[in-house]
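Subject: Structure for your review

Dear colleague,

Please find the structure below, followed by a summary of what was found in it.

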Amino acid sequence: MQRPEPRLQRKLLAWLLGPLSVLFLLDAAAAYYGSLRLSDQAFDRALHEIAREIVLHTKEEGGVVRLDLSPAAENILLVDRDDRLAYRLLGADGRHLGGNPGLSTAEVAGNGRPRFYAGQLDGHDVRVVDAWMPVDERPASPRVRVLVAETLHKRTRLAWEMLATVIVPQLLLILMATAVVWFGISRGLQPLQRLRAAVSDRSHLDLSPIAIDDVPGEVRPLVEEVNDLMARLGRTFDFQNRFVADAAHQLKTPVSGLKAQIELALREQEPQRVRHSLAQLYVSADRLSRLVRQLLTLARNEPGALATVQLQPLDLEAFALEVSMEWAPHAIRHGIDLGFEGHGQPLVIDADRDRLRELVNNLVDNAIRYSEPGGRVTVRTEAAGEGQVKLSVSDDGPAIPVEERERIFQRFHRLLGTQEDGSGPGLAIVSEIATLHHAQITLEEDVDGVGNTFSVFFRGSEATPPVS
Ligand SMILES: Nc1ncnc2c1ncn2[C@@H]1O[C@H](COP(=O)(O)OP(=O)(O)OP(=O)(O)O)[C@@H](O)[C@H]1O
Ligand SMILES: [Mg+2]
């Protein structure tokens, strides 16, 4: 497996070292120009000395100023190991008195302090000193203008040397800081690496929570959310596993029964008996198809199905009456007196119409199925106080024993000895649909040992029902 890049580590390092490098470069530039100024100051003084020496070789005779600089003396003054030097001497009237006429006097020389500036000589950058000086000590001595130029090698070399002494330790410091920061970040991110390893080493079936003791506070909420998600996934997996196991178990018996019936029918010769077997097969297949429908309904109403529930305002009174009337022919066939008692006014709840029909159907079906012929079943709707709306289905058959009243809501649980057709998911479906409607179910007997009343308490809706 390819290791993911430690991007966070790189980003942190870039954010720390990026600005630090920019600061370093600014600092280096400032240090370089500072060094250049210092080296200029040092060498300018020497240049000014040379200018003074040259003026010492001038004489005034009869009002005429003359330069008397022997080649040997000029050599001593102007020959340097590193740089080229040149001078030029001008009289007060601007007359050229000696030196290199190529040395430009473009700058206007001030009459006070010597001036230093950058210039050009034969295509080279030079530093120039430009000064007016008296020829001798006399107060009325004539003045001359002297320029001395020098190339920049010494100066730049000195500037670089000074810069190096400042910058090299700084550079080393930055390299050391990088190493320390890299190490620090790696240490700081170690818990995240461990977390990654803990998650990637897991089996896809392991949905137990990730340990958060070692997780840094910043990522703890994220890990808690992931744990929460895994817990929910775990519940869904459990539900589905249970469902598949239940469904397979429930289907096994009727399918085997069906097979046995078919084998029997195949052995029949007489058309009359074959027909009879086929009729029985039809009933069995019908029962099986009801069971499959119920299983699908159970799967559809699993606890996480809230997202698919479409709760809309609905008048429970009108709805319960409509469903009860659909059951009337069936009740009559079973000799049951099916009645409806309403509240007299609309009772609005927020409900998913199809699921609510399933709920009422199951309760009425049970009441008719488990009552003796001649019995009475009543569907009732009423306001139950505190904004609640109650739907109840009562029968006058034998009461369900107290110890069974909770268990019958479990999937596939049936009372021992129940003779009637059925597989057992009916009340589990009722219970799940009630939960999806935030409703509660109760079961009570009417009088000692006789009659069952299943009541479902819904929250009344604020809205008025749409006209249907
Ligand atoms: N009104 C009732 N009177 C007496 N017993 C009841 C009543 N309603 C339910 N029971 C008992 O509770 C059991 C569970 O009912 P449930 O509706 O869940 O399953 P079922 O009716 O057996 O099968 P099916 O899922 O096909 O409806 C029934 O088998 C029956 O024993
Ligand atoms: Mg039932």
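Residues 12–33 are 100% helix and 0% strand, and the end C-alpha atoms of this span lie 32 Å apart. Helices (H or I, at least four residues) and strands (E, at least two) are DSSP runs, numbered from the N terminus. Residues 162–185 are likewise 100% helix and 0% strand, with end C-alpha atoms 35 Å apart. An unreviewed UniProt entry annotates 12–33 and 162–185 as "transmembrane region"; UniProt positions are given in the numbering used here, feature names are shortened, and annotations may be inferred rather than shown by experiment.

This is a predicted model, in which local features need pLDDT of at least 70 and side-chain atom pairs count only at pLDDT 80 or more, while totals for chains, interfaces and linings use all residues. Residues are numbered from 1 along each chain as its sequence is written, chains are lettered from A and ligands numbered from 1 in the order in which they are written, and side-chain values use heavy atoms, with hydrogens and water left out.

The unreviewed UniProt entry also places "domain: HAMP" at residues 186–238. That stretch is 64% helix and 0% strand, and its end C-alpha atoms are 40 Å apart.

Turning to the ligand, 20 residues surround ligand 1 (a residue is near a molecule if one of its heavy atoms lies within 4 Å of it). R290, Y370, R414, G426 and L427 are the closest. The shell comprises eight nonpolar, nine polar and three charged residues (Ala, Val, Leu, Ile, Met, Phe, Trp, Tyr, Cys and Pro count as nonpolar, Asp, Glu, Lys and Arg as charged, and the others, Gly among them, as polar).

Elements giving two or more residues to the shell are α5 (271–300), α7 (353–369), α8 (426–436) and β14 (450–459).

Kind regards
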